[in-house]
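Please keep the sequence and the model in view while reading.

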Amino acid sequence: SLTPVHFLFLWKSDPSSSAHNFLLSLSKFAEVKKKHSDTQIIISITMISCRALKAMNVSRSVSLRTVPRLAKSFSTSSSSAASSDPSKTVVIVDGVRLPFAMTTTIYADELAVDLQRLAFNGLLTKTALDKNEIDYVIAGTVIQEVRTSNIAREASINAGIPNSVGSHTVSMACISSNAAICSAAEKIATGKASVVIAGGTETFSDVPIRLSRAVRQKLITLPKAMKKGGPLGGMKHIFGGLKMKDVSLETPAIANYTTGEVMGVSSDRLAAKFGVTREEQDEFAVRSHVLAQKAHDDGFYKGEVVPYKGSTVENGIKGDSSIESVSKLKPAFVKPQGTHTAANSSYLTDGASASLIMSEQKALELGFKPLAYLRDWSFKACDPFEELLLGPTYCSQEVLSRNNMNMSDVGVYEIHEAFAGQILSNLTAMNSQEFADAKFRGKKVGEVDMDKLNTKGGSLALGHPFGATGSRLVTTASRRLQKEEERFALIAACADGGTGHACILERYDN
């Protein structure tokens with residue numbers, strides 16, 4: 001018998017007789033109705049109708065944007081998150097973050113686990129969620145404290161979440177909390193959970209600073225030396241063979257392990273490759289600060305940023321930034337001819353975030369009004385030597401293509417701003433036919449509408465706590481979809497190692 005999949009095959013195999021096949025397909029509707037869900041049939045007929053109209057030279061187009069209730073199931077065949085079963089349909093219910101702050105300022109006395117605990121508490125307070133409803137907790141972090149290696153577990157317990165609730169920590173550089181959210185979605189989509197808290201945390205105010213490797217090795221083997229030679233033998237063991245260069249400290253480096261290159265240097269080279277000028281980068285940086293300040297002034301972040309000691313001020317935002325002031329700064333990475341400066345690069349930031357992810361069915365049962373569906377996502381990697389921070393382009397291409405979407409379908413963009421040069425290079429690559437011919441078989445990602453991109457400021461202004469930024473992007477994008485009444489949002493972010501992430505959100509119609 002003819003199935004929805006067979007319908008589509010007919011159109012692809014014999015488009016010349018589209019109208020004829022369309023009528024034949026409809027004649028089989030009663031038979032198909034007995035074997036397939038309404039959702040499957042609606043999707044198939046919608047796609048068939050589009051092909052028939054095109055074949056009959058009808059100029060009118062049918063898109064998911066014009067049929068929002070159909071769009072609810074648009075990626076059923078391609079995404080584990082999209083399901084006709086509401087108990088496995090993933091929704092973003094809410095999200096919060098602590099005020100992001102420049103390192104060694106307001107969070108100087110806090111550990112990363114403390115920040116995550118506070119973010120969890122802020123989310124639970126805002127949503128009034130019964131802690132006994134939580135099935136699982138996931139958190140992302142990058143610079144780990146040995147005492148809290150599973151920081152999700154420690155923060156969960158200290159936030160008062162029941163001890164019986166499982167938790168784990170993920171680390172994927174700047175997309176760690178994106179990975180946490182998508183891991184939560186996978187649990188829900190496979191029926192392993194209904195309510196998951198996912199977030200991330202980072203502090204640069206208390207990073208692990210180690211003794212040199214030579215000294216560490218001496219100290220690790222010291223007990224054995226003292227057992228044989230006593231205190232004197234221990235002293236000889238410690239100082240024997242050490243050189244002056246060994247008496248030093250090791251601090252975390254913002255450099256890739258494999259390439260040995262600092263991310264700022266890699267981004268500077270990427271900008272040069274794609275022809276992004278210093279002036280364009282400075283203009284973008286100023287734009288980010290001005291928009292972030294305006295968003296705070298307009299009250300957009302009220303409720304999204306939860307107070308720390310009574311304040312929601314994010315102290316890295318410089319709303320009075322100007323092209324004249326930032327253009328005076330000297331290159332920070334590639335000297336003296338580089339284009340990346342302290343002003344057009346994201347700064348070291350402390351902060352934490354948390355997102356409440358549920359199945360649609362559970363959210364409605366508990367009386368919540370979700371913000372968005374999490375429809376599909378992509379995690380990919382590219383050449384860390386030449387394209388370290390170009391992941392957003394590759395991931396956006398994959399997730400949009402998989403769902404038969406174009407940039408024209410996207411109404412909200414939230415793309416991570418590690419460096420102005422990095423994000424502008426990605427925007428250039430996305431809209432480059434030459435790049436598409438080389439990488440994507442000629443189909444370019446498309447042009448990003450700047451009027452829809454990071455309109456509430458981005459990482460350059462708000463800051464970038466490595467483990468927390470992804471959750472911020474998801475929360476802001478979800479809230480923008482509701483406030484701006486757009487249908488789809490595209491979130492994208494780069495990360496160390498040449499990795500990247502992109503995901504599609506769809507506004508939930510409350």
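Helices (DSSP runs of H or I, at least four residues) and strands (DSSP runs of E, at least two) are numbered from the N terminus. Residues are numbered from 1 along each chain as its sequence is written, and the model is a predicted one, in which local features need pLDDT of at least 70 and side-chain atom pairs count only at pLDDT 80 or more. Totals for chains, interfaces and linings use all residues, while side-chain values use heavy atoms, with hydrogens and water left out.

## The chain as a whole

The protein chain contains 19 helices and twelve strands. Of its 510 residues, 52% count as buried, a word that here means under 20% relative accessible area, with exposed meaning over 50% and partly exposed in between (1.4 Å probe, protein chains only). A contact is defined as heavy atoms within 4.5 Å, and among contacts between residues at least 6 apart in sequence, 80% join residues at least 24 apart. The chain exposes about 22,600 Å², of which carbon and sulfur atoms supply 55%; accessible areas come from the Shrake-Rupley method with a 1.4 Å probe, and for residues only the protein chains shown count as cover.

## Helix H10 and its kink

Helix H10 covers residues 222–239, and although it has 18 residues, its end C-alpha atoms are only 11 Å apart, short of the 26 Å that a straight helix would reach at 1.5 Å a residue. That expected span is 1.5 Å times one less than the number of residues in the helix. Within H10 a kink of about 130 degrees lies at Gly-229, shortly before the proline Pro-231, where the bend at a residue is the angle between axes fitted to the seven residues ending there and the seven starting there. Leu-222, Ala-225, Gly-230, Gly-234 and Ile-238 are buried in H10, and the cover over the buried residues of this helix includes helix H9 (213–220). Just after H10, Gly-241 takes a positive phi of about 85 degrees.

## Salt bridges

Side chains of opposite charge can pair when their charged atoms come close. A salt bridge is counted when a side-chain nitrogen of Lys or Arg lies within 4 Å of a carboxyl oxygen of Asp or Glu, and the structure holds 23 of them. Three of these pairs are set out below.

| Pair | Closest N and O atoms |
|---|---|
| Asp-114 and Arg-117 | 3.8 Å |
| Glu-250 and Arg-210 | 3.5 Å |

Asp-114 and Arg-117 are separated by about one helical turn, because they stand three residues apart in helix H6 (residues 112–127). Asp-114 counts as buried at 19% relative accessibility, whereas Arg-117, with a relative accessible area of 21%, is partly exposed.

The salt bridge between Glu-250 and Arg-210 joins strand S7 (residues 249–250), where Glu-250 lies, to strand S6, which holds Arg-210, so the pair ties together parts that are 40 residues apart in sequence. Glu-250 is partly exposed with a relative accessible area of 30%, and Arg-210 is partly exposed as well, at 43%.

Elsewhere, salt bridges that share partners join Arg-375, Arg-487, Glu-506, Arg-507 and Asp-509 into one network.

## Details in the loops

The peptide bond from Lys-335 to Pro-336 is cis, with omega near 0 degrees, and Pro-336 lies in the loop between helix H13 (323–326) and strand S8 (349–359).

Ala-128 has a positive phi of about 55 degrees although it is not a glycine; this residue is found in the loop between H6 and strand S3 (136–140), and at 65% relative accessibility Ala-128 counts as exposed. Asn-454, also a residue other than glycine, has a positive phi near 45 degrees. Asn-454 sits in the loop between helix H17 (433–439) and helix H18 (459–462), and it counts as buried at 1% relative accessibility.
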